[in-house]
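Work through the exercises below with the sequence and the coordinates open. Try each task before you read its solution.

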Amino acid sequence: MAVLVIGDAFVDIVAGPLESLPVTWGTDTFSPQPILQLAGGSAQNTASGLAALGTDTTFFTGMARDTFAQVICSQCTQNGVKIREATTSGTAQHGTGVCIVLSGSTDRSFVSHSGIADEWGCEELSIGYLSNFVHVHIGGYFMCKGLRHSMLEFLHRARAAGCTISLDTNYDTSDTWSKRDDGLILSLLPYIDVFLPNEVEVCGCIFKHAIQLVGCFWGKLVAFNGRKRDTTEIAA
């Protein structure tokens, strides 16, 4: 089974576990463990996880020409992920996205810069190419501006190619959720077989618009409880 994963690739700078977050400017917070530089991003993590399980996995994303991109490529290669770069990568105006992760004993906080994720879309992925895959997973939707703007037409093509589709939006740093891009997320859901938000994301994307969604979402909704690390199947 071949799977195509589309979405964000970040380098995570991880500090922690911290006893508390920095409380004010001009202070220094001690990290008891070494600060790590790791390949991250929702889509990249999913692609690496699938490949590690033995799935034939291709990862489509934008890549800058910097040392952070080398970290991502190295991790994907090590995990057996095949990378297809968006054609805009070579002319990108921004570097690789970076996320600073401040990790505590029970939760985390993030500082993110999307970088090249704003510059690429999936217009180049044809029906013929997509027919090589049985499933398409989209990760980091809210972090990829260019991807969002090309998503609806892409989903038409993926369906025409016979693919099933899953979507993990991740957190919307603008905190506008379903209002973003004139409510585009609501137009995408009829094409999604499995929708994978956590409890915060499902409230932002779905519950405020429950009436509009009645009759248009026929897939499976699985909500993740981040703190308890369990899942709840809300609808099918």
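**Exercise 1: helix α1**

Task: find which residues of helix α1 (residues 42–52) are buried.

Solution. Ser42, Ala43, Gln44, Ala47, Ser48 and Ala51 are buried in α1. Buried means under 20% relative accessible area, exposed over 50%, and partly exposed in between (1.4 Å probe, protein chains only). Helices (H or I, at least four residues) and strands (E, at least two) are DSSP runs, numbered from the N terminus. This is a predicted model: local features need pLDDT of at least 70, side-chain atom pairs count only at pLDDT 80 or more, and totals for chains, interfaces and linings use all residues. Residues are numbered from 1 along each chain as its sequence is written, and side-chain values use heavy atoms, with hydrogens and water left out.

Next, look at the cover. The buried residues of α1 are covered by elements including β1 (2–7), β3 (36–40), β4 (56–61), α2 (67–79), β8 (135–139) and β9 (164–168). Then step past the helix end.

**Exercise 2: α1 against α2**

Task: work out how α1 and α2 are oriented to each other, and list the residues that meet.

Solution. Start with the axes, which are lines fitted to C-alpha atoms, for helices over the stretch in contact; angles run from 0 to 180 degrees between N-to-C directions. The axes of α1 and α2 come within 8 Å and cross at roughly 20°. The two helices are therefore roughly parallel to each other. The classes are: under 35 degrees roughly parallel, over 145 roughly antiparallel, 65 to 115 roughly perpendicular, the rest oblique.

Now the contacts (heavy atoms within 4.5 Å). From α1, Gln44, Ser48, Ala51 and Ala52 meet Ile72, Gln75, Cys76 and Asn79 of α2. The residues of this contact divide into four nonpolar, four polar and no charged. Here Ala, Val, Leu, Ile, Met, Phe, Trp, Tyr, Cys and Pro count as nonpolar, Asp, Glu, Lys and Arg as charged, and the others, Gly among them, as polar.

Zoom in on Ser48. Its relative accessible area is 8%, so Ser48 is buried. Not counting residues up to four places away in sequence, Ser48 touches Cys76, Asn79 and Val81.

**Exercise 3: aromatic rings**

Task: how many aromatic pairs does a search of the whole structure find?

Solution. The search finds three. Rings of Phe, Tyr and Trp (its six-membered ring) pair if their centres lie within 6.5 Å; planes under 30 degrees apart count as stacked, over 60 as edge-to-face and the rest as tilted. Phe60 and Trp120 form an edge-to-face pair, 5.6 Å centre to centre with 85° between the planes. This pair links distant parts of the chain, 60 residues apart: Phe60 is in strand β4, Trp120 in the loop between β7 (108–113) and α3 (127–130). Both Phe60 and Trp120 are buried.

Take Tyr129 and Phe133 next. Their ring centres are 5.3 Å apart and their planes lie at 65°, so this pair is edge-to-face. Tyr129 and Phe133 are both buried.

**Exercise 4: a loop residue**

Task: is Leu21 buried or partly exposed?

Solution. Locate Leu21 in the loop between β2 (10–18) and β3. Leu21 has a relative accessible area of 42%, so Leu21 is partly exposed. Its contacts, leaving aside neighbours within four places in sequence, are with Thr29, Leu102 and Ser109.
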